[in-house]
Amino acid sequence: MPERMVRRIDVTGADGVRLAAWEFADPPKSGLAGTETGGGPDGGPDGGSIGARDPGVLLLHGLMGRASHWADTARWLAERHRAVALDQRGHGQSDKPVDGPFSRDAYVADVEAAVEQLGLGPAVLIGHSMGALTAWQLAARRPDLVRALVICDMRASALGPATQREWADWFKSWPVPFATLADVRKWFGEDDPWVERPNPARGEFYAEVMTEGPDGWRPVFDPEQMLKSRETWVHDAHWDDLAQVRCPTLVVRGLDGELGRAEASEMVRVLPRGEYAEVPDAGHLVHYDQPEAWRAIVEPFLERVMTDG
């Protein structure tokens, strides 16, 4: 099977923020209308235009993530669906406005704009961590735009102010700039105090969000903006939004992730059409830790909801 192309499409989010979306697709046919710029987030080629297609799948990364974290997932999704991954505001190659806002409303409005401008709706939204929260908040507010949800390792309960202080201290502990990407992989995969045991997948995850400058490798995001983004959800619980989600929803957790089994089960109970799945030998980064098990859980769910309409 030929390698699928990765094409960038610029989307205008809330407050005029420019968002970079990345479509994983077969090589384009001539004569289709649309615009796009640049190459793929993982080195994919330029070219082609975006035309009207069937409703598809929008992938939403978590805090500090980027669209290219979904590359493996998007490639197998693209075999049967239109697959688009979004760099959310403050992340990846999207705008990082100095003054924000980085509110929940802004993130949700951005995804609403992306679904509408890309012609994806009603879309399946697959979200990891913060991206999952954004996905279910959009589904609660605009059910007409969302066909189904996959929630990956995101809690509905309030995390509390203490966690915000822990994150601030953690960012300060990063030994930036890193001299090489190998140093990035080693620190986040082995030396980071938050790592309980060596985790090469975690090292690769963070290597993906680094960019090289004159003095070495630094994150593509501003840690202060990440803290501002996180501040907007850690103090509140999100059960009310979850209960308003009417579409089929799959709640996925890694057995060693941040979402506990009891809370995940309660989330499924609160969801009118909730389902539960767990991935052994996976932490918070489920789709990175166990990509084959992740696919084995998500793919049948998607086929079912797409068939049922």
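**Reading burial and packing**

Guide: Start with helix H3, where Met 130, Gly 131, Ala 132, Leu 133, Thr 134, Ala 135, Trp 136, Gln 137, Leu 138, Ala 139 and Ala 140 are buried. Buried means under 20% relative accessible area, exposed over 50%, and partly exposed in between (1.4 Å probe, protein chains only). Helices (H or I, at least four residues) and strands (E, at least two) are DSSP runs, numbered from the N terminus. The model is predicted: local features need pLDDT of at least 70, side-chain atom pairs count only at pLDDT 80 or more, and totals for chains, interfaces and linings use all residues. Residues are numbered from 1 along each chain as its sequence is written, and side-chain values use heavy atoms, with hydrogens and water left out.

Visitor: How many residues of H3 are buried, and what span does the helix reach?

Guide: H3 is mostly covered, with 11 of its 12 residues buried. Residues 130-141 reach 17 Å from first C-alpha to last, close to the expected 16 Å; the expected span is 1.5 Å times one less than the number of residues.

Visitor: Which residues are buried in H11?

Guide: An α-helix has 3.6 residues a turn, so residues three or four places apart point the same way. In H11, the buried residues are Trp 294, Ile 297, Val 298, Phe 301, Leu 302, Val 305 and Met 306. H11 (residues 291-308) has 18 residues and spans 26 Å, close to the 26 Å expected.

Visitor: What describes a pair of packed helices?

Guide: The angle between their axes and the distance between the axes describe the pair. Axes are lines fitted to C-alpha atoms, for helices over the stretch in contact, and angles run from 0 to 180 degrees between N-to-C directions. Here H4 (residues 161-173) and H7 (residues 223-234) have axes that come within 10 Å and cross at roughly 170 degrees. H4 and H7 are therefore roughly antiparallel. Angles under 35 degrees count as roughly parallel, over 145 as roughly antiparallel, 65 to 115 as roughly perpendicular and the rest as oblique.

Visitor: Which residues of H4 and H7 meet?

Guide: Contact means heavy atoms within 4.5 Å. Thr 163, Gln 164, Trp 167, Ala 168 and Phe 171 of H4 meet Pro 223, Met 226, Leu 227, Arg 230, Glu 231 and Val 234 of H7. By class, this contact has seven nonpolar, two polar and two charged residues. Ala, Val, Leu, Ile, Met, Phe, Trp, Tyr, Cys and Pro count as nonpolar, Asp, Glu, Lys and Arg as charged, and the others, Gly among them, as polar.

Visitor: At what angle do H5 and H6 pack?

Guide: H5 (residues 181-191) and H6 (residues 200-207) pack at about 130 degrees, with axes 7 Å apart. H5 and H6 are therefore oblique to each other. Gly 203 is found in H6 and touches Arg 185, Phe 188 and Gly 189, not counting residues up to four places away in sequence. The C-alpha atoms of Gly 203 and Arg 185 are separated by 3.9 Å, although the two lie 18 residues apart along the chain. At 1% relative accessibility, Gly 203 counts as buried.

Visitor: Where is Ala 20 placed?

Guide: Ala 20 is in strand E2 (residues 18-25), and at 0% relative accessibility it counts as buried. Ala 20 and Asp 95 are 75 residues apart in sequence and 8.3 Å apart, C-alpha to C-alpha.
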